[in-house]
Amino acid sequence: METRQLGRTGLQVSELGFGCGAVGGLLIQGDHKDKVAAVARALEAGITYFDTARAYGDGASEASLGTVLQELQADAVIGTKVDLRNGEMSDIEGSIIASVEGSLKRLRRERVDLIQLHNVVGHQRDPDRRQVSIADVEAALNAFETLKQQGKVRFYGINGLGETEALHRGLRLGEADTVQSCFNLINPTAGLPAPPGFPFQNYERLIDTAAAQGMGVIAIRVLAAGALSGSAHRAANAAPRVTPIGTAATFAEDVKLAHRFDGLIEAGYVDSLVEAAIRFAISKPEVSTTMVGISNMAQLEQAIAFANRGPLPTGALAHLNEIWTGFAET
């Protein structure tokens, strides 16, 4: 497994990251033996970055990851997240510190490599949507810095989801080490120019802006929560329903859009839509690590194999521009 530098942190992370969230669900819903086997296999394959959060299974993902790594007597680069809930926004610093201390207990660690703000970012605070303002982001970054000084976190980052202009303002604060960015075949605008008439949110090359500031970039939703498999089927451990981010209004619509990329298979560039999606994200050199949610061992093996095939060939990338231009008619 190839590695890349996580921005200015100096940390080396695998191109493919292990997603421990509810979309894949293995570390929340899976049997303990399956969790151990999957994490062991990921480490063996060279996956060094594991992404979790307090919100994933209300702490269950963190607890599972901490238990499994301890059982395997293994170490890894761990990123977790804090989402400020409605009642916590009146005391952002206190709430974040308490949340991180809880995460450390569940992870069985004295220090976490990366802590990230999980809330979406907008111009105004909206507690019902768990949306924070730029002022809230600044307060969160101050709390993260306090935790860093206390030796409880090494680096910290923000969410790249929310209102585009507000997200770019958050990056311009210049304090965060990383950003999580939605980047996939259906919506590539965080890393590529939006074609004329593009019907979905335009992230205005958020990835490039972050990388230019020396930030590490964690690509998320690279499979559009599974829609880029081209099937509406959900694996046993996966969340039964997901809300699209930055793409169509429904998961079913995203599945239909996924088949716009069938030509990549027909042309022989890839063997499946999942391969296309993973290798597309890896093709962006500014992406430090590409997150894939894992439901079972078969999915993990598939993701490892596809990542090891490297970026998409140039011809495939040229073909994509034609497809995206056609999205204006969606």
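A: The accessible surface of the protein is about 12900 Å², and carbon and sulfur atoms contribute 47% of that area. Areas are computed by the Shrake-Rupley method with a 1.4 Å probe, and for residues only the protein chains shown count as cover. The model is predicted, hence local features need pLDDT of at least 70 and side-chain atom pairs count only at pLDDT 80 or more, while totals for chains, interfaces and linings use all residues. Residues are numbered from 1 along each chain as its sequence is written, and side-chain values use heavy atoms, with hydrogens and water left out.

Of the 330 residues, 57% count as buried. Here buried means under 20% relative accessible area, exposed means over 50%, and partly exposed lies in between (1.4 Å probe, protein chains only).

The protein has twelve helices and twelve strands. The radius of gyration is 19 Å, close to the 20 Å given by the globule rule for 330 residues, so the protein is as compact as a globular protein of that length. This radius is taken over C-alpha atoms, and the rule is 2.2 Å times the number of residues to the power 0.38. Helices (H or I, at least four residues) and strands (E, at least two) are DSSP runs numbered from the N terminus. Along the principal axes, the C-alpha atoms fill a box of roughly 55 × 45 × 35 Å.

Among contacts with a separation of 6 or more, 73% are between residues 24 or more positions apart; a contact means heavy atoms within 4.5 Å. As for charge, the mean positions of the 30 positive and 38 negative charges are 3 Å apart. Lys and Arg count as positive and Asp and Glu as negative, without His or the chain ends; each charge is placed at NZ of Lys, CZ of Arg, CG of Asp or CD of Glu.

Arg260 sits in the loop between α8 (251-258) and α9, and is partly exposed at 36% relative accessible area.

Other sites lie elsewhere in the chain. Glu165, part of helix α6 (residues 164-172), is exposed with a relative accessible area of 53%. Its C-alpha atom is separated by 8.2 Å from that of His123, 42 residues away along the chain. Pro193, in the loop between β10 (178-182) and α7 (206-212), counts as exposed at 52% relative accessibility. The C-alpha atoms of Pro193 and Tyr203, ten residues apart along the chain, are separated by 9.1 Å.

Backbone angles give two further entries. Gln73 has phi near 55°, a positive value in a residue other than glycine; Gln73 belongs to the loop between α3 (60-72) and β5 (77-82) and counts as exposed at 75% relative accessibility. Arg221, not a glycine, has a positive phi of about 55° and is placed in the loop between β11 (216-220) and α8.
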